[in-house]
Amino acid sequence: ADHMHHASPSSHAGHHTTTSTGTSCESLTATDSDAPVRDFDLTAASATIRLDNGKTVDAWTFNGISPGPELRVKEGDRVKVTLYNKDIEDGVTIHWHGVVVPCSQDGVAGVTQDAVMPDERFTYDFIATVPGTYWYHSHQMSSIQAEKGLIGQFIIEPKTDPYAVDRDMAGLLQKLGSQYVFNGMTQGLIVPGKAGDTVRLRLTNGANDTLEMGVAGAPYRIVAMDGNDIHKPGLLEGKSFNIGAGQRYDLLIQLPVQGKVVVGSTSEDSLKVTLGIGAEPVTTASGDLFSFLDYGSPVPGDKVDSLTIDKSFELKLGQNVFAKSINGKSFHEIPPMNVKEDEHVRITVSNEGGGDHPFHLHGHTFRLLSKNGEPVKGSPIYLDTILTKKDETYELYLVTDNPGLWMAHCHNLMHASMGMSMMLNYE
Ligand code: C2O
Ligand code: CU
């Protein structure tokens, strides 16, 4: 099943849990370790939620709420999450978006596990290796289930934070019913804070659309993208940024001595957070769009153009009259990217129309090499989801170090359910 109701490369192969050469995804599990264990329970259930504007929404919830509880662990922890499905008839799973987990823990129904049916349980078990801002969502018919509310934030705190932060908060942007909400609130969030406080705001776009975000009232830094630190991030002022579906941006903001800071969408009033005390700036800043190409500083000695490439793939994201497509094909008709362990792989992704396509790869973090032929000149940029707009081309680079069968798809989950879904397969 999953977003691919019609056909998945896996149903095609007959065995949904093996790679093309027969490695069992279920055998790829967390390595034993003495790491401290953090246990969580998440119950998926349908519920009627009353929003802060009085409206009610028929939603699917984790532990009775949407978004589900924010899960916070420390770098190095062993994470065990027991999912119980109370009454979601099609079954549910949990995918740990952006977290590099062993294949068996990736939570893709029909590929890495069967959907967890009503009154069944499944325990996810993995090590929280790389600190950062992540999120989780059901990956069974995800275009429906994520939209209905089965999503939440997952934060891996670093052992030592490179920044001295007074407040660390996560903000999940999503659509519930027809309403945009920010941490479940329709009217934005108000966070009191003292003058001079430094706030880390971890933004996740859990909706299907690209959101333009701005910051008014103070300069800010984008210190991490998709959970990966930017090297020596610079101050931004009067700049906005596009956060694609599935992406995360960590902002660092120092509250001014007087007045408030507003962080929010430049088009959706509900998607804003107001920090600090005193007078509020009149608008949420928008301005030139932030470009990552020359943001932050290069790491000395690190040369993008000297990376070796063993294998290249080209993916053209677009649409035909019937469906959303990759290289003109949909679902299992798209040949998988076949790789072996320890290969250096370049994936060139271009957007040939049909909307914004935030392209997400499971199980790996990739490095951005270039945009429209222009190399990244500033900080190295590592992502798991790259927002592509019409006529843009991005080159991605990764080392194949996590064997299994992994999905690659547009994170506008509607597009994924209309065909823009394929596999990365370890032979
Ligand atoms: Cu967040 Cu396959 O998705
Ligand atoms: Cu798309």
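Predicted model: local features only at pLDDT ≥ 70, side-chain atom pairs only at ≥ 80, totals over all residues.
Two strands are taken to pair if DSSP finds at least two bridges between them.

Select strands β23, β32, β31, β25 and β29, listed here in their order across an open sheet of five strands with mixed pairing. At its edges lie β23 (337–339) and β29 (385–388), each of which pairs on one side only. With direction ignored, neighbouring strands of this sheet are turned by 15° against each other on average.

Strands of a sheet pair through backbone hydrogen bonds, either parallel or antiparallel. Within this pair, display M337, which stands opposite L424 in β32.

**Third selection: the annotated segments.** An unreviewed UniProt entry carries the annotation "domain: Plastocyanin-like" for residues 46–160, 177–255 and 323–425. Select residues 46–160: this stretch is 3% helix and 41% strand, and its end C-alpha atoms are 39 Å apart. Then select residues 323–425, where the chain is 5% helix and 50% strand, with the end C-alpha atoms 23 Å apart.

The largest nonpolar core has 111 residues, of which V215, L251, I253, V261 and L396 touch the most other members. In soluble globular proteins, nonpolar side chains tend to be buried together. Finally, centre the view on I253. Which residues is I253 in contact with, leaving aside its neighbours within four places in sequence? They are V199, L201, V215, A218, Y220, V261 and L275.

Technical notes:
Residues numbered from 1 in each chain as written. Chains lettered and ligands numbered in written order. Helix = DSSP H or I, 4+ residues; strand = E, 2+ residues; numbered from the N terminus. Axes fitted to C-alpha atoms, helices over the stretch in contact; angles between N-to-C directions. UniProt positions renumbered as here; feature names shortened; annotations may be inferred. Core = buried A, V, L, I, M, F, W, Y, C linked by C-beta atoms within 7 Å. Buried ≥ 20, exposed ≤ 12 C-beta atoms within 10 Å, placed from the backbone. Contact = placed C-beta atoms within 7 Å.
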